[in-house]
Amino acid sequence: MLFALGKAAGAMAAAATQEIEFDAGLIIAPHGSAHAPRPTGLPDGDWIVLGASHPEPDQLSLAAGQRALAFVEALRPEDRLVALISGGGSSLMAVPRPGLTLADKIAATRRLLASGAPIAAINRERAAMSMVKAGGLARASGTRDIRTIVMSDVPGDDPALVASGPTILPGTSQAAAAICANSTLTLAAIADAAAASGFEVCNLGGAIEGDAVARAREHAQMARDAKSSGRPLLIISGGETSVTVRHPQERGGRNLTYALALAEAIEGTSGIVALAADSDGIDGNSPAAGAIVDGSSAAALRKNGLEARDALARNRSFLTLAAIGATIHTGPTGVNVNDIRLICVH
C-alpha cells in the first residue's frame, strides 16, 4: 500500500511506482500539482488522489485527513504501508483533536506563520492540535509494518518534523525513516558543479535559520569581503529563515525578503549576483519561487519610486521585486528540500 503526502507527493509516488507494485494508493498534494499516474490494472477506487490547501488548511484538508485515517485503519496486519512524506503536509491533511475545529487550526496556523518562529516550533504546536500528526496515522493503522521515506525540508532532517511526522511515533529514533533527499545533498551537488567551473565555494550548510533580513546582511558582508580580496567565490546556503509578518495583506516570503534585504546591502557593488528561492517553487504567499538581485537592484527600485527598507518594513517583498523584473516564476516543482540561496562573486 502506498501513502504519499506533501508538496513532492506526486513526484515521489511516481518514482516509487516505477520500482514497486502497490495494491492501492492514496496521494495528498497541493491543488494543481502534478500527480503520479494510476498504475495499470488498479481500479479507480484503489488509487485516490486528493488536493488540498497550503500554507493554511481548508475544508479539503479536513476531507483529506479523514480519508487518510480511513485508509490506514482499513489496513490488515499482513499489509505493508510505504509512506512517502514531504514538506507541506501539515496543512494538506488536517484532523483537529476533539474540542477543536478547522477554524481553530486555521487561526493557529496564521498566528504561527506570522510569528517568525522556526519551523520546528511551528510543527510541534500543529501536531499537538491534530489527530493525524505526530504519529497519528501510525497509531490508527491496522498494520505496524510501515516504511517511511522522507524528502526533508527541515533543518536537521528530523523525520518527526517533516509534515509534522504523521507516521513517526514520538520517541522513535531518526532511523524510523529513510531520508531520500535534503538540503545537504542539494547544496553538495551545487558545490561540485561550481568547483568544476573554477569557483571557490563557501558552503554555509543547509540548516540556516533566524531572521531573513539579518541573515541577508551577514551574507552580503561575506560577499563584499570576498569581492575585496579579488577571488571568484560562490556562497551557498540552505535551511529556512523566518519573517515576522506585520502586514498579512501583503504578499511575500522568506526568500523574497532575503533577496530584497541583500539587494539593499550590496547596493553599488559590481560583480555580486544573488539568487534566493524556495525549491518547491512557491515562496510564502506569493506566486514566485524567489528572486535574483545584484548591486544595481536597489537603484532600480528607487527609479520606480520604491525603497527596499520601506518595503521590508511593510512585508511587501513580492510586488517590490516584481516591479523591477527580479522575481523568479517556476510554478510547483514537485521537489521540496527547503530554500536555496546562492551569492556569486565575480
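The stops below each give a selection and then what is found there.

This is a predicted model: local features need pLDDT of at least 70, side-chain atom pairs count only at pLDDT 80 or more, and totals for chains, interfaces and linings use all residues. Residues are numbered from 1 along each chain as its sequence is written, and side-chain values use heavy atoms, with hydrogens and water left out.

**Stop 1: the largest pocket.** Select Pro55, Leu113, Arg254, Gly284 and Asn285, which lie nearest the centre of the largest pocket among its 48 lining residues. A pocket here is an open set of points on a 1 Å grid over the protein atoms alone, where a 1.4 Å probe fits, with protein on both sides within 12 Å along at least five of seven lines; lining residues have an atom within 4 Å of a point. The volume of the largest pocket is about 950 Å³, taken as the space filled by probe spheres set on the points, which are joined across faces, edges and corners. Its lining comprises 15 nonpolar, 20 polar and 13 charged residues. In this scheme Ala, Val, Leu, Ile, Met, Phe, Trp, Tyr, Cys and Pro are nonpolar, Asp, Glu, Lys and Arg are charged, and the others, Gly among them, are polar.

**Stop 2: the second largest pocket.** This one holds about 250 Å³. Select Lys7, Pro30, His54, Ile282 and Pro332, the closest to its centre of 14 lining residues.

**Stop 3: Asp153.** Go to the loop between β5 (146–151) and β6 (177–181), where Asp153 lies; strands are DSSP runs of E of at least two residues, and helices are runs of H or I of at least four, numbered from the N terminus.

**Stop 4: salt bridges.** A salt bridge is a side-chain nitrogen of Lys or Arg within 4 Å of a carboxyl oxygen of Asp or Glu, and the count comes to 16. Select Glu218 and Arg215, which form one at 2.8 Å, N to O. They are three residues apart in helix α8 (residues 212–229), so about one helical turn separates them.

Finish at Asp339 and Arg341, a salt bridge with closest N and O atoms 3.9 Å apart. Both residues are buried. Shared partners join Glu240, Arg254, Asp278, Asp339 and Arg341 into one salt-bridge network.

How values were computed:
Buried means under 20% relative accessible area, exposed over 50%, partly exposed in between (1.4 Å probe, protein chains only).
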